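Q: Could we go through this model together, beginning with the strands and then turning to the charged side chains?

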Amino acid sequence: MRNYQAHETAVIDPGCVIGEDTRIWHFSHLMAGCVIGRGCVIGQNVMIASGVVLGDRVKVQNNVSVYTGVTCEDEVFLGPSCVFTNVINPRSAIPRKDQFRPTLVERGASIGANATIVCGHTIGRYALIGAGAVVTRDVPPYALVVGNPSRQIGWVSAYGHRLCFDAEGYAICPESGKRYRLEGGRVSEVD
C-alpha cells in the first residue's frame with residue numbers, strides 16, 4: 001500500500017523512495033533511484049532524475065527539471081520552469097556522466113521561476129533566487145540574488161522579507177518578528 005498520491009498520468013519508475021503524504025501531479029516523471037521526502041508537492045510536467053534527493057515538504061512547481069547530483073534539503077521551493085544542470089561543458093557526442101557536479105540547495109531556500117542553477121554550487125539556507133536568475137557561484141544563507149549572471153542585492157529573512165540592517169548590524173523580519181545579525185558578510189538568526 002502506497003502512502004503518497006500520484007495522478008494516473010505520472011510515471012514513477014520502480015526503485016523510487018517516496019515519503020508519506022507526498023503528492024505528484026500530471027505528466028511528471030520520477031526516475032529510479034530518486035528519493036522524495038514526506039509532504040512534498042511535485043507539480044505538473046516535472047522530471048526528477050535518478051540520484052536526486054528531496055527533503056521533507058519540498059515544493060516543486062510545474063515544468064521543473066531536477067537532474068542527477070541535486071540535493072534539496074527540507075522546505076525548499078523550486079519555482080515554475082526552473083532548471084538545474086549537472087555538467088559544466090555538455091556535448092551530445094561526448095559522454096560525461098562521470099563528470100557530474102553536485103548541487104546542494106539548503107533548508108528553506110527558494111528558487112524563482114525560470115531560474116537556472118549551474119551545477120557544482122551550494123545555495124545557502126533561506127536564500128532567495130529571483131525569477132530568471134542564472135546562478136553561477138555559491139549563494140550565502142539568507143542572500144537575495146537576481147540577474148544573469150546572478151548577483152547579490154540584499155538579504156532576506158527565513159520568511160522571505162528583505163532585511164534592513166541598522167548601524168549595529170541588526171534587522172527584524174516584519175512578519176515573524178525574528179532578529180537577524182549581519183556580521184563579517186554573513187547573516188544569522190539571533191535567538
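This is a predicted model: local features need pLDDT of at least 70, side-chain atom pairs count only at pLDDT 80 or more; totals for chains, interfaces and linings use all residues.

Q: Which residue stands opposite Tyr 180?
A: Tyr 180 faces Glu 189 of strand 25.

Q: What is the strand order in that open sheet?
A: The order is 23-24-25, with antiparallel pairing across 3 strands. Strand 23 (170-172) and strand 25 (186-190) each have a single partner strand, so one side of each lacks a neighbour in the sheet. On average, neighbouring strands here are turned by 30 degrees against each other, direction ignored.

Q: Changing topic, how many salt bridges are there?
A: The count comes to 6. In one of them, the side chains of Asp 56 and Arg 38 meet at 2.9 Å, N to O. That pair links distant parts of the chain, 18 residues apart: Asp 56 lies in the loop between strands 9 and 10, and Arg 38 in the loop between strands 6 and 7.

Q: Is Asp 56 buried or exposed?
A: Asp 56 is buried, at 14% relative accessible area, whereas Arg 38 is partly exposed at 47%.

Q: And which residue does Glu 75 pair with?
A: Glu 75 forms a salt bridge with Arg 107, their closest N and O atoms being 3.4 Å apart. These two are 32 residues apart in the chain. Glu 75 is partly exposed at 30%, and Arg 107 is partly exposed at 30%.

Q: Which residues make up the network?
A: Salt bridges with shared partners join Arg 57, Asp 74, Glu 75 and Arg 107.

Terms used:
Residues are numbered from 1 along each chain as its sequence is written. Side-chain values use heavy atoms; hydrogens and water are left out. Two strands pair if DSSP finds at least two bridges between them. Helices (H or I, at least four residues) and strands (E, at least two) are DSSP runs, numbered from the N terminus. Axes are lines fitted to C-alpha atoms, for helices over the stretch in contact, and angles run from 0 to 180 degrees between N-to-C directions. A salt bridge is a side-chain nitrogen of Lys or Arg within 4 Å of a carboxyl oxygen of Asp or Glu. Buried means under 20% relative accessible area, exposed over 50%, partly exposed in between (1.4 Å probe, protein chains only).
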